[in-house]
Amino acid sequence: MSDRKPSQQGDGKAAGGWGAAAATARVLIEQSVVGKGSRALLEMNQPGGFKCPSCAFPDSARKKKLDFCENGVKALAHEATKHRVDRDFFARHSVAELAGQSDYWLEMQGRLTEPMRYDAETDHYVPVAWEDAYALIGRHLQALDHPDQAEFYTSGRTPNEAAFLFSIFGREFGTNNFPDCANMCHEPTSRGLPPSIGIGKGTVVMEDFEHTEAIFIFGQNTGTNSPRMMGNLVEARKRGVPVVAVNPMPERALMRFTDPQDPRQMATFRATDIASEFVHVKIGGDLALLKGMMRALFEADDKGRAVLDRDFIAAHCAGFGALRDEIMSLDWAEIADASGIAEDQIRRCAEIYAGSGATMICYGMGLTQHQNSAELLQQVANLLLLRGNFGKPGAGIVPIRGHSNVQGDRTVGIDEKPTDAYLDRVEQVFGFVPPRDHGHHVLDALYAMEAGQARVFIGMGGNFIRAVPDRDRAEAAMRRLDLTVGIATKLNRGHLVHGRDALILPVIARSEIIRTAQGVQFVTIEDAMANVTASHGVLEPATGSLRSEVEIVCRMAAAALPGSTVPWLDFIGDYDLIRDRIAATYPDLFTDFNAKIRQEGGFHLDVPPRRRVWKTPNGKANFLVMPGLDMDDPVDAPDMLRLATIRSHDQFNTTIYSCNDRYRGIRGDREVLFMNAGDMAARGIETGSAVEVTTISDDTRLRRVTGLRAQEYPLPRGSAAGYFPELNPLLPFDHHDRMTGTPAAKSIPVRVVAAGPRPA
Ligand SMILES: Nc1nc2c(c(=O)[nH]1)N[C@H]1C(S)=C(S)[C@@H](COP(=O)(O)OP(=O)(O)OC[C@H]3O[C@@H](n4cnc5c(=O)[nH]c(N)nc54)[C@H](O)[C@@H]3O)O[C@H]1N2
Ligand SMILES: Nc1nc2c(c(=O)[nH]1)N[C@H]1C(S)=C(S)[C@@H](COP(=O)(O)OP(=O)(O)OC[C@H]3O[C@@H](n4cnc5c(=O)[nH]c(N)nc54)[C@H](O)[C@@H]3O)O[C@H]1N2
Ligand SMILES: [Mo]
């Protein structure tokens, strides 16, 4: 952005309210879609309309006339934009020139209009016929020595029908290489929870908000990243339900919130206090906090207080003794030190928990992006199990998912570690023999590219190169590929950091109508609470030359697999045929899919812990022990700060809507480093001064970001924060969750020093 002069609002106002309403209007005007956008908004998250392409929070349980938030409007406005990236645009700008532009600039150019192929001689993207694009993909795939040289990436906006077929395409081709955005997001949920409660998903539904007696929110910026949940929090607070927010940043919407959909609050400028207890945890201190809460419960139990659900534990759980021994071996002083929270506040949290008959623990990236995240989530489950908080109204674990269909994509096969039972079904339903070896997740894919072992990358949505760690290293790896394919709505960096051959294939977006020879089609998605619903596009596609994601998958498959036994081209016209195959592949979940999806409100997928059924090897819910309190840092450096890379209020992942971050008081700047006042003073840094951030690691690479501006912020000592994706160059490939390979984007060990003045 041109306005690089930062300013601080710091007005302490409530979040939401008129600020949100104004932002909503502004983005519709900016994208020149006031009429079209407003009409489409009436259909967002309504029966017969389309599902918001932004976050995965479910639709309101009680039907509202309008069911969207400020950030949903931004997502829609950017999708419905009147601006276009067409063949003239690519003729005007070489790839080198485009690469010199910011990600924000690329996004603002508008919608892609027709398939383009990279021409190395001129360094321009040039138009290519759809048929020729598919043929090129087919030739590259067939030329590989082994199917595992291909990487099939999925981003979580892809609907079930396209994701399912994409996974079948890859498997028929012969690989389980399905890196996906979940590998950088809720993978610790997907892999950490099954050994514990038998499913890697959340266990509550929307109605549970009406019955809950306490809500804990760990590491999630609700007002920005799932704003529609604010309505549930406001209602719970009005009922007097305690809300405990655990966060190194006092996120404004977790403190005070005015619901923009509540006319009374809007008219009277009133707001609701959200957090009744704010726990100012250090980055990475949640493990110690959770263990401290468990310790307090065990101590109370020792004194004869009935704080544990003994009947539930006896009937349903295994491993109680070992957990108790480990927790009781910890020392209070160490717990307080490792969490950054005083013993008495930890005890108070434990009392809130013990006083609640039904507790929900919600969490976001603040828990999933650390070196120990999968095990950390098992401790969350332990805490819930101790009081039987599964399978009763108002209780459960609530991973707040990111992308609108990231959960569904995994359910329907985007999984690099498929189970044998699933592969057997694929073989029965489709008649080919799928590969059994596990495939690549995101980090494996990066290592394979770097080593020259991966040669083709097909990106079904997303912006892989901006989302992944170790930017310089990742870009070099990506450039080694023979072919990169970006299936996308908008131009992004991934199209400019490409292989020897490269294609951009533009798709019909979520809000747009998919018309086929058999008529208008709808798609389906699964929200964060396992509701499967239909999404019907309502807008005309941005241009006539776009194709649906389903069609692109089918035609790629037909081109790459000429002898296939799968009727690929039949699926293009009639999505019911795809849903029939999904039903056949997952009889437990999707029987009668086509009938059930046509009922109003769709249907809920079975979540066995809601019935107190545990699909674990021993048939029990398991208390799992993770010894100690530490994060396991690569090196011990006394001046180390732990850096969390987070989202601003005005972005969706790698898509930047503006350089403002209203709730944190930042305007016109994203190159910001939020720091604790004491940490700044110790380094001779003041608000506004330039700083340089270097990663502390045990390898020899220099990872440094310069030109950042320090901003004093109420963070605990030793914790710092800045924006994703600008700070991704600091995150090493091998700094990740031990169990799942999820990049530890919330706890990068860094050194911060004052630098020369930054140009205004
Ligand atoms: N508008 C909008 N909505 C989105 C997205 C978006 O970019 N924009 N992205 C979508 C996606 S894919 C996802 S995954 C979600 C992400 O939504 P969130 O999970 O809210 O993601 P972040 O902004 O990365 O950061 C989460 C919070 O974790 C806190 N945190 C950092 N470190 C720690 C820690 O060690 N402990 C604790 N307790 N807290 C910590 C940060 O202060 C921050 O408040 O949102 C989805 N929805
Ligand atoms: N340092 C750091 N890194 C992170 C994170 C972090 O917190 N810190 N968060 C991680 C998380 S949680 C996630 S989920 C990943 C996100 O990683 P991705 O999912 O790969 O990234 P997005 O930015 O969501 O992808 C945006 C692009 O998707 C395309 N797109 C949009 N809509 C559609 C559509 O309907 N169809 C298709 N085919 N394409 C579409 C557009 O071209 C757009 O440019 O990033 C991860 N990376
Ligand atoms: Mo995510």
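**Notes on the site of ligand 1**

1. In this predicted model, the shell around ligand 1 is made up, by class, of 11 nonpolar, 15 polar and 4 charged residues. In total, 30 residues surround ligand 1, and the closest of them are Asn247, Glu251, Asp286, Gln651 and Asn653.

2. Several contacts to the ligand run through the protein backbone, and they can be checked one by one. A polar backbone atom of Gly219 lies 3.3 Å from a nitrogen atom of ligand 1, and a nitrogen atom of the ligand is also 3.1 Å from a backbone N or O atom of Thr224. At Met365, a polar backbone atom is 2.8 Å from an oxygen atom of ligand 1.

3. How much of ligand 1 does the protein bury? Taken alone, the ligand exposes 920 Å², and the protein buries 99% of that area.

4. The elements that contribute two or more residues to the shell around ligand 1 are the helices α12 (222-225) and α21 (365-368), together with the strands β25 (641-646) and β26 (651-652). In terms of domains, the shell takes at least three residues from domain 3 (188-399) and at least three from domain 4 (641-754).

5. For residues 641-748, an unreviewed UniProt entry gives the feature "domain: Molybdopterin dinucleotide-binding", an assignment that comes from the record and may be inferred rather than shown by experiment.

Notes:
Residues are numbered from 1 along each chain as its sequence is written. Chains are lettered from A and ligands numbered from 1 in the order in which they are written. This is a predicted model: local features need pLDDT of at least 70, side-chain atom pairs count only at pLDDT 80 or more; totals for chains, interfaces and linings use all residues. Side-chain values use heavy atoms; hydrogens and water are left out. A residue is near a molecule or strand if one of its heavy atoms lies within 4 Å of it. A polar contact is a pair of N or O atoms within 3.5 Å; within protein, one must be able to donate a hydrogen and the other to accept it, and residues adjacent in sequence count only if both atoms are side-chain atoms. Accessible areas come from the Shrake-Rupley method with a 1.4 Å probe; for residues, only the protein chains shown count as cover. Helices (H or I, at least four residues) and strands (E, at least two) are DSSP runs, numbered from the N terminus. Ala, Val, Leu, Ile, Met, Phe, Trp, Tyr, Cys and Pro count as nonpolar, Asp, Glu, Lys and Arg as charged, and the others, Gly among them, as polar. Domain bounds come from an automatic or database domain assignment.
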